[in-house]
Amino acid sequence: MSASAARGQAIRSNLIKIGAVTRFLLRVLGQALPALSRPRLLIEQIYNAGARSLVIIMLCGLFVGMVLGLQGYDLLARFGSESALGVAAALGLIRELGPVLTALLFAGRAGTALASEIGLMRATDQLTAMEMMAVDPVRYVVAPRFLGGFIAMPLLTAIFDCIGIYGTQLIGVVMMRIPTGTFWSQTVNSVELRDIREGVIKSLVFGLACSLIAVYEGYYAEPTAEGVGLATTRTVVTSAVMVLMLDYVLTAAFL
Amino acid sequence: MSDRTEVSSQPPLIDVQDVHYAVGTHSVFSGLNVRVAVGKITAIMGPSGTGKTTLLRLIMGQIVPQSGRISVFGQDVGALKRRELYALRQRVGLLFQNGALLTGMSVFDNVAFPVREHARLPEPVLRKLVLMKLQAVGLRGAAELMPSELSGGMARRVALARAIVMDPEVLLYDEPFVGLDPISKGVILRLIQSLNKTLHITSVLVSHDVQEISAIADHTYLLSSGVVVADGNPAELKQDASAVVHQFMTGAPDGPVPFHYPAADYNAQLLER
């Protein structure tokens with residue numbers, strides 16, 4: 001096969017995959033309303049994707065904020081603008097680091113759990129059993145998990161941002177002795193609603209992408225141990241690449 | 001072969017007519033004919049890999065044949081829309097080989113699952129219904145256990161309770177005896193029989209356990225190479241003179257179904273450098 005033919009083949013198969021994922025998304029969205037009418041299932045999934053990711057999100061948020069504090073203080077001190085540390089960290093976290101890092105952590109923690117859970121249900125005939133009992137697995141299994149992830153992501157991002165800013169404050173105020181009033185007043189005055197809107201929109205888009213990739217990979221996993229493993233790996237890799245690509249597109253659109 | 005199948009004057013409940021089905025280039029069925037009579041226990045037997053489970057998937061409309069017709073309750077399964085297919089599946093129970101219990105919920109919730117999805121029953125009524133079904137399979141005491149705490153035989157009995165909870169008209173059993181100890185086998189055998197006799201559930205068993213099937217089946221189809229090679233009641237099959245039937249019924253290791261997978265000449269392969 002010539003190089004151009006191989007390239008054409010690769011583009012074609014990628015387009016087919018994008019088409020399949022889009023159709024799957026439409027099918028899931030079509031079942032979103034029935035899923036919303038079962039709050040118990042949905043709350044369970046928000047708990048699974050959200051609450052169970054809290055510890056890792058908070059821990060990472062704290063350390064990212066503290067690193068931002070150290071690096072930011074060092075950088076700003078060169079220009080004599082240490083007092084702007086709070087602003088720099090808050091904007092960086094709210095607009096960029098918060099949504100992106102939360103999404104990457106979400107893909108690693110909740111995304112893999114979703115993909116492997118659904119993949120294992122496929123491998124052990126549980127999804128087929130539902131179909132045979134005239135229960136649509138997309139409605140009962142996929143839609144609540146997708147919605148749970150989609151709802152959990154902005155909440156986790158908000159928590160990551162808050163803990164991150166607290167981490168920066170620990171370094172800036174407690175360690176480096178920036179006056180508390182200066183730190184917080186500058187931060188509050190400089191962060192605008194549009195910054196928060198950018199962060200929220202990013203986290204919603206990432207939430208949709210990461211949740212969709214996880215449930216898609218799980219649902220169409222090969223029904224074998226190896227297939228479930230591969231689906232889990234693909235979930236992390238595809239989610240990470242998609243998050244970073246989408247982040248570039250969204251950042252360019254917001255600037 | 002199926003032409004001589006006239007076990008009932010009523011129209012068959014499941015009618016598989018001249019079905020051809022292939023996966024890629026591998027042909028699974030090439031002109032399969034099977035008829036399941038109302039209220040009877042029909043067995044589908046055959047060596048491993050003859051597509052017995054595939055036949056169940058075709059009957060349930062999970063896959064569609066390339067040609068031929070499968071009708072269940074007089075409806076062409078291949079032509080049904082998803083909604084119609086789901087309506088039909090509510091009248092048919094399927095017992096999976098491994099039980100396929102939902103691992104995230106208890107035995108009770110597993111059995112209650114189809115009812116909760118399809119009917120709005122008050123919780124006390126649902127509870128009584130589920131306990132009655134669990135009592136029927138002897139596992140009322142295990143209602144609060146999780147599927148991971150059950151033995152293989154118990155899991156299959158729970159799956160059986162789940163399959164009958166919607167009071168289906170037909171029950172399809174996929175290899176119900178595989179991997180069970182003799183006691184569990186006996187229990188499942190008795191359950192299949194009693195469900196058929198007391199609830200008048202038409203039963204289709206896919207299996208290769210000659211002894212068990214011979215004990216309970218009203219009519220048996222023997223599949224090989226994608227077609228029905230023999231059918232009749234167990235006594236008739238035992239009398240069948242054809243080599244394929246004889247090999248299967250007696251469990252002879254070699255015969256029309258060869259012991260060796262097709263391979264190059266043995267000596268030539270050993271001596272080649």
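## Chain A: who touches whom

Take the contacts in chain A between residues at least 6 apart in sequence: 87% of them join residues at least 24 apart. Two residues count as being in contact if their C-beta atoms, placed from the backbone, lie within 7 Å.

Keep in mind that this is a predicted model, where local features need pLDDT of at least 70, side-chain atom pairs count only at pLDDT 80 or more, and totals for chains, interfaces and linings use all residues. Residues are numbered from 1 along each chain as its sequence is written, while chains are lettered from A and ligands numbered from 1 in the order in which they are written.

## Chain A: overall build

Chain A has 10 helices and 0 strands. (Helices are DSSP runs of H or I with at least four residues, strands are E runs of at least two, and both are numbered from the N terminus.) Its C-alpha atoms fill a box of roughly 65 × 55 × 30 Å along the principal axes.

Of the 255 residues in chain A, 43% are buried. A residue is buried if 20 or more other C-beta atoms, placed from the backbone, lie within 10 Å of its own C-beta.

Now hop over to strand E9 (residues 219–224) of chain B: 5 of its 6 residues are buried, so the strand is largely enclosed by the rest of the structure.

On one side, E9(B) pairs with strand E3 (residues 41–45) of chain B in the parallel sense over 4 bridges; pairing takes at least two DSSP bridges. Here B:Ala43 has B:Thr220 as its bridge partner.

E9(B) also pairs with strand E10 (residues 227–232) of chain B, in the antiparallel sense over 5 bridges, and B:Tyr221 stands opposite B:Asp231. These two strands form a hairpin with 2 residues between them, and B:Ser225 in the turn has a positive phi of about 50°.

Terms used
A residue is buried if 20 or more other C-beta atoms lie within 10 Å of its own, exposed if 12 or fewer, and partly exposed in between; C-beta atoms are placed from the backbone.
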